[in-house]
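Look at the structure first, then read on.

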Amino acid sequence: MTTVLRTILSSAFTGLLGLDSVQAGQFLLSRPAFVGTLLGWLNGCALEGARIGILLELLYVDFIPVGGVVPPNGAAAAAAGVLAHAAGGLAPSLAFFIGLAAGRAYAPLEMRLRAARSSWSRRVEEQVRAGDLNLSRWLSSAMLAESSALAAYSLLCAAAAAALAAVPGVGLLYPGTDFAYSLMPWLGISGLYFRFRTQAYKKG
């Protein structure tokens with residue numbers, strides 16, 4: 001299987017797994033730890049994929065969607081990070097930070113998708129009032145839009161990473177990104193510690 005085909009399939013899988021976060025199941029299949037491990041295995045870099053996904057999980061686990069706040073998208077982050085390394089050819093450290101940025105950058109797009117779905121509410125209400133309870137068309141349209149957007153975004157991130165890898169001198173960034181990447185486990189674990197300590201004090 002060629003790299004291009006693996007990248008396309010990985011992006012498609014990301015789009016499908018992303019539906020689990022809100023619209024289908026909520027079995028934690030869209031969490032970065034799972035997405036990173038799966039895409040790493042599909043692209044022949046299972047250990048790096050798992051590491052990128054787990055580190056993103058540690059950093060994103062504290063984000064809670066409250067009201068109109070849309071947190072960074074973990075599936076988009078993991079996909080962008082793994083594909084930046086596997087398809088783009090970037091070092092895992094730089095690929096990780098690209099994934100971290102991509103997850104945050106996806107939030108505005110996700111807000112637009114949610115706003116678009118909200119605009120359907122009046123037509124859905126009219127359909128239900130008319131006695132037509134078959135809402136499969138609206139559900140399938142929403143799921144298709146969400147999945148397609150995330151898949152296209154993941155593919156675009158992979159292409160952008162490949163373009164970045166072709167820039168002369170990009171390797172000069174690696175000592176800095178490698179050092180920062182080595183600190184991420186400690187940053188993630190310390191974040192978990194303070195979060196759990198706060199929760200323990202609340203219960204106490």
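## Helices α3 and α5

α3 (residues 46-60) packs against α5 at an angle of about 45°, and the two axes lie 11 Å apart. That angle makes α3 oblique to α5. Their crossing is right-handed. This is a predicted model.

Which residues in α3 meet α5? They are E48, I52, L55, L56, L59 and Y60. On the α5 side, the partners are P92, F96, G99, L100, G103 and R104. By class, the contact of α3 with α5 holds eight nonpolar, two polar and two charged residues.

An α-helix has 3.6 residues a turn, so residues three or four places apart point the same way.

## Helices α2 and α3

α2 covers residues 32-42. The axes of α2 and α3 come within 7 Å and cross at roughly 165°. α2 and α3 are therefore roughly antiparallel to each other, since angles over 145 degrees count as such. The crossing of α2 and α3 is right-handed.

From α2, the residues in contact are P32, A33, G36, T37, G40 and W41. They meet A46, G49, A50, G53, I54, L56 and E57 in α3. The contact of α2 with α3 divides into seven nonpolar residues, five polar and one charged.

α5 spans residues 92-118, which is 27 residues. At 1.5 Å a residue, α5 should span 39 Å. Its end C-alpha atoms are 38 Å apart, which agrees.

Where does α5 kink? The kink lies at A107, shortly before the proline P108, and is about 30°.

Definitions and conventions. Residues numbered from 1 in each chain as written. Predicted model: local features only at pLDDT ≥ 70, side-chain atom pairs only at ≥ 80, totals over all residues. Heavy atoms only, no water. Helix = DSSP H or I, 4+ residues; strand = E, 2+ residues; numbered from the N terminus. Expected span 1.5 Å × (residues − 1). Bend = angle between axes of the 7 residues up to and from the residue. Axes fitted to C-alpha atoms, helices over the stretch in contact; angles between N-to-C directions. Parallel < 35°, antiparallel > 145°, perpendicular 65-115°, else oblique. Left-handed = near helix turned anticlockwise from the far one by under 90°. Contact = heavy atoms within 4.5 Å. Nonpolar A, V, L, I, M, F, W, Y, C, P; charged D, E, K, R; others polar.
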